[in-house]
Amino acid sequence: MECFSPTPSSFSSFLTSPSCFSPPFLGLKSNSKLSLNRKCRSFVNKDNGSRCMMSTMIHTANESSVCFYKKLIHFALEETKPHTPLVPSSLQENYSSLLAMDDKTELQMLSFEAPKIRLLRSLCIEGNDGMQVLDFAAFPKPEFDLPIFCANFFTSAKMNIIVLDLNPLHDIRDQEDYKEKYYKDLIPLGLKYSELLPWGGKLTSESLKFFSPIVIWTRFSSSPDNHSVLFSAFNDYYQAWIELMDRSEEEIDASQIARNCEAQHRYLTWRAEKDPGHGVLKRLVGEDLAKDVITEFLFNGVNELGSKTFLDYFPEYICEDGRVNEKRSMIGKSFESRPWDARGEFIGDRVKIV
């Protein structure tokens, strides 16, 4: 959940899928109040009082976007299965679904692992006030230097805030060989969607370090066309990640494995501390439970893959009393436009900085 500070409002979005369904593997045990099998419901449009019903034949303009997010999860899992065996993660026992403090908002979680995937997990939030959230990620095992698949989507009544990327495990500005290995052939894909989904505005320099040249960072109003493009982008990016996974070879050098492990731990440490979507979780389930979901589920590995602290990786954030500065940007710069050119070269020093 990157790059936004959402303010939920009443929901009047749509879905471009013909039907609403739950993703596979939903027979997993749940200890919470709510079942992950819960069906998407019809709802009342507050503007005109009409009841919008799900249909397999008609795309209505008022279907719940949580169904759209579930469709993305379903696609990703179905796309993965032919390429690698997925088994439920041990996390699924404790993290399957939660009911928020308002007794209305539902948080649904799925998690899996595979021979090359340390954790593939999703969090889907269906808010009673119209807020919808999808946080979907795939983290490679340290024996593989694969990028991290990242999809963070937020929907309110009028606005969609989107981050979609194959986050680089290593610094692609300093390591040209890593950039060539994973991103050279994907630049045309990034250019295609940078035209269809324009840059979403200011992005902090610190956040930029964890994004690739093909990152989609955008904002758009809800419409069938926009959601259709987003669905296509998610499909294409995930298929690209799966192809990279298929081609990836296991590292046998212990020092390189340790380097991959630390790089992923650094990423997790940043996200666990500075991801702005945390505010949504704290509002829904309280600070203590939100912290547990963040560190043990969303960014699982932050307590296991390494012993360094946030301030070890990012010492510029230390306060005089030793605490972590709560600011999201210590550099104080943000990029108003895309800081990569058509070849995927970083041009951040030449674009407008605010």
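## Valine 87

Valine 87 is partly exposed, with a relative accessible area of 39%; buried means under 20%, exposed over 50% and partly exposed in between (1.4 Å probe, protein chains only). Valine 87 belongs to strand 3 (residues 87-88). Helices (H or I, at least four residues) and strands (E, at least two) are DSSP runs, numbered from the N terminus.

Leaving aside residues up to four places away in sequence, valine 87 touches Ser111, Phe112 and Glu113, where contact means heavy atoms within 4.5 Å. Valine 87 and glutamate 113 are 26 residues apart along the chain, and their C-alpha atoms are separated by 5.6 Å.

## Model and chain

This is a predicted model, in which local features need pLDDT of at least 70 and side-chain atom pairs count only at pLDDT 80 or more, while totals for chains, interfaces and linings use all residues. Residues are numbered from 1 along each chain as its sequence is written, and side-chain values use heavy atoms, with hydrogens and water left out.

The chain has nine helices and twelve strands. Of its 354 residues, 57% count as buried. Among contacts in the chain with a separation of 6 or more, 69% are between residues 24 or more positions apart.

## Aspartate 103

Aspartate 103 sits in the loop between strand 4 (97-99) and strand 5 (106-113). Its phi is near 60°, a positive value in a residue other than glycine. Most residues other than glycine have a negative phi. Aspartate 103 is exposed, with a relative accessible area of 52%.

## Nonpolar core

A nonpolar core is a set of buried Ala, Val, Leu, Ile, Met, Phe, Trp, Tyr and Cys residues joined through side-chain atoms within 4.5 Å. The largest one has 100 residues, of which Phe136, Phe149, Phe153, Phe234 and Trp241 touch the most other members. Helix 5 (residues 224-247) gives the most to this core, with eleven residues.

Not counting residues up to four places away in sequence, the contacts of phenylalanine 136 include Ile73, Leu120, Arg121, Phe149, Phe234 and Tyr238.

## Helices 7 and 8

The axes of helix 7 (residues 278-285) and helix 8 (residues 287-298) come within 7 Å and cross at roughly 130°. Helix 7 is therefore oblique to helix 8. Angles under 35 degrees count as roughly parallel, over 145 as roughly antiparallel, 65 to 115 as roughly perpendicular and the rest as oblique. Axes are lines fitted to C-alpha atoms, for helices over the stretch in contact, with angles from 0 to 180 degrees between N-to-C directions.

His278, Leu281, Lys282 and Val285 in helix 7 meet Glu287, Leu289, Ala290, Val293, Ile294 and Leu298 in helix 8.
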